[in-house]
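Here is a quick tour to read alongside the model. Keep the viewer open and follow the headings.

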Amino acid sequence: MFDEDKRLWAIADTVGTPFYVFDAAIIREQYFKLKTAFPSVDFFYSLKANPNLSIVRELVTAGMGCEVCSFLEFETAAAAGVGSDRMLFVGPAKSDRELERCVVAGIKAIVVESLTELERVDRLARDLDRVQNIALRLNPDFHFPGARLSMSGRATQFGIDIAAIDEVLARSCQHGNTRIAGIHVYMGTRILEPTTIANNTRQILMLASEVAAKLGYRLDFVDIGGGFGVPYHEGEEALDLDALRYELEPIISSYEAEYPRTKVCIELGRYMVASAGRFVAGIRQTKVTKGENFAICDGGSNVHSAAAGQGSLLRKNFPISLVKGNDRAPAAGQWTITGPLCTPMDILGKDVLLDRPEAGDLICIHQSGAYGATASPVNFLGFGQPAEVMVDGETITLVRERASIANLLNEQRPRSISGASRSREIKTSCNSSSTSVFQHPCLERLDDLKDLLIATGHKLERDTEAWRDLWADPIMRAFTLVGVPERYNGFSLGDTSLGIEDCGYSLHIAMIERLARFDASCILALQGPSLAGGAILKMGTEAQIEQFFSRYRTGSQGTFFAVTEPEAGSDPSLGISAVSATTGTPRLTARKMLVGNAQRAAIGLVFAKAAETNRPILVLIEPDRHASNVKIEHLQTFGLCGAMLCSITIDELPIDDNMILGGGNPSLRDGFLAINEVFERNRPIVAALALGTARGILDHLRATSKVAAHAIADLELTHAALLRRLEIVLAAYETGRPKAHEISLIKLQAVQFADRVIQRAFSLPSSAEFMMDPTLRKKTRDAKAFEYMEGASNIHAQNAFRSYVARMPQ
Ligand SMILES: Cc1ncc(COP(=O)(O)O)c(C=O)c1O
């Protein structure tokens, strides 16, 4: 057996069939050949050809920019590390959300496809106080012979008719928040003849000169599209790069000589990746029927629609080979290769000369790296997305998991949307099933974040900015913004691989418990809306809600809720922070301490009293804007470093009504009941953090020690019992009948449980080893800090007792 066949079998045995396999070295090589041929050209990778993150990363690392067409493609490119100034956003139906993301990131250019779109971008940029570069996508009058699918020069939904260019340029002058930086023409795809590309380029560059003359200033770039093809079918020849260089280079050089500051850009998808990919399916059975040989595979047009000829007038075979599962005598014949679907159109190859395939062999379709699974109807008949694998020399990596049945079913869980309104409430649970929320399938998917959280937890002990590593992960990003109303939330859970659209109260707490198993400190380091967000939603004016939440459309934002005063303990009513109007203008003077990194926070709430009336007030503060009156210091911490401790000193800060939560509305006092509710709803978080940390210690002991397994079994049972108890408390919150003493009790029990787990760990025979283990030592330090969050536990003990007595019948 050839080495390559052995490798395919090893992959098939590990990930199952069907799958795609991509070769990183071929992808890199393809880019380097291009860049060597055209060193002055700026190349952009069109993610539509293959949006696999690892492929995009390979090309971005090699030096390519990215051409993206959707939110997911944008996020993929960003996750692959491309800079905003190397990103183009193209497409005829962009959403506001996509445009807003582009404007805030300040990408190289949004390629606008109409005057209306130009005006939309301008309006959006004005609202965001930005100037955004755009490129005009033009639909010229000339034709592009030689493209197998042409997209310009005829009536299509793309671009601006060249006849309308004068009007567009005239109108664009009235729009100060967009700047025309380039033009874009996409000729068509699958071009294999150098002369066609050269002729098309010449025409586009002439058009660019005309537009620049009309504009009256130089363009930053001209994107001439691309559409370079690869040979798929018998009789097709690969694009000859030397010949292309010979014909195209002089055209580009003479344009560059005339316009030295305008870059020529080429965007390519297929050409970058097609030859680097193979599609591999398993043969399920063979049969001879009515004189024709059939090999029936477990993947067909559902996962490789291009090989099945969908989108082409005539179906022609891709290059196909057989990988035999055993040694047998050769017997060549003509075979029809089919997929598993219930349609006779599901044909991957017709009359293919093969050496008698058998069930259990593999069929390999070459030239399949572009427009494969993501351009196919993968859910037809429920087979789902196949696995994707990357090979790089000896290294083999799974780079996309096969679709899971659980995910596919989970997406279809009925959730009522009747009566859906733009509620200002944080949504309550969407968990309607009777199984425990602590067993929700999405929690298992969080396990993939284990390494990230453990590594970041350690980093946070030295580097307060390490939270950015968490923000770089799409799931952690969406998790950070749980509680941000939908209209402000640019990073919703629905856009992640978790398989949930959003998360209700109980599931959010279950996620916190699960992530705390890896590192609780990370959760507290996230830059989200925190407790203050809940209070703003309960009591803020529309303008305050906008002020607080609008940044979450496009990024993170640290916040704080400053209640506790060092001299007054945890009881805010004993504090001395006050707003006084003795000098005319009301002024706030306050001194607070809090858990949280207020130093990094952009906005937060400070609890005070009106000096004259003793009325409670919450003041909305943006520390950067009030820097001369607000001083924030960072206090030393030893456990839960991601959370941090800070002190805030505010000296005579002038206050206006817009800064007072609710705008100084007299009914504010009633609102304090609502604030209490916000506090109450957040108490279970401390219990979840403590339980998660304790469980993390147990899991760590199990994984690293042989003795520990039986010695900690009782603690694992206690953990399960406490989760059950927490769940009952959460359910009471969800139905609006929370019992304050029960949440105080569960917090107390959770913190004590974490203590018991630590004591047990250090009483085990291998305790000396444990003490040397940095992860265990860190978890132990973190666990100790919960005692002091949300009031010390003895306050909770009192609280539990007080509420319990209050509810007793007399
Ligand atoms: C605007 C645009 N850019 C780039 C591409 C990528 O084309 P190719 O994969 O042929 O390079 C396409 C394909 O449809 C496109 O429409």
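## Ground rules

This is a predicted model, so local features need pLDDT of at least 70 and side-chain atom pairs count only at pLDDT 80 or more, while totals for chains, interfaces and linings use all residues. Residues are numbered from 1 along each chain as its sequence is written, and side-chain values use heavy atoms, with hydrogens and water left out.

## The whole fold

The protein has 25 helices and 27 strands, taken as DSSP runs numbered from the N terminus (helices are H or I, at least four residues; strands are E, at least two). Its C-alpha trace spans about 90 × 70 × 50 Å along the principal axes.

Buried residues make up 55% of the 810 (buried is under 20% relative accessible area, exposed over 50%, partly exposed in between, with a 1.4 Å probe and protein chains only). Of the contacts between residues at least 6 apart in sequence, 72% join residues at least 24 apart, where contact means heavy atoms within 4.5 Å.

## Around the ligand

So who sits around the ligand? There are 13 residues in the shell, and the closest are Tyr186, Thr189, Glu267, Gly269 and Tyr371 (near means a heavy atom within 4 Å). The shell splits into 4 nonpolar, 4 polar and 5 charged residues.

Oxygen atoms of the ligand lie 2.5 Å from a polar side-chain atom of Thr189 and 2.7 Å from an N or O atom in the Tyr186 side chain. For Glu67, a side-chain N or O atom is 3.4 Å from a ligand nitrogen. The protein covers 92% of the 400 Å² of accessible area that the ligand has on its own (Shrake-Rupley method, 1.4 Å probe).

## Two glutamines

Gln367 sits in the loop between strand S18 (362-365) and strand S19 (387-392). With a relative accessible area of 14%, Gln367 is buried. The side chain of Gln367 reaches the backbone oxygen of Pro231 at 2.7 Å, and the residues that Gln367 touches include Tyr232, Ser275 and Phe318.

Gln759 is in helix H22 (residues 740-761) and counts as exposed, at 54% relative accessibility. Lys459 is 300 residues away from Gln759 along the chain, and their C-alpha atoms are separated by 26 Å.

Key
Polar contact = N/O pair within 3.5 Å; in protein donor to acceptor, adjacent residues only side chain to side chain. Nonpolar A, V, L, I, M, F, W, Y, C, P; charged D, E, K, R; others polar. Lists of a residue's contacts leave out its neighbours within four places in sequence.
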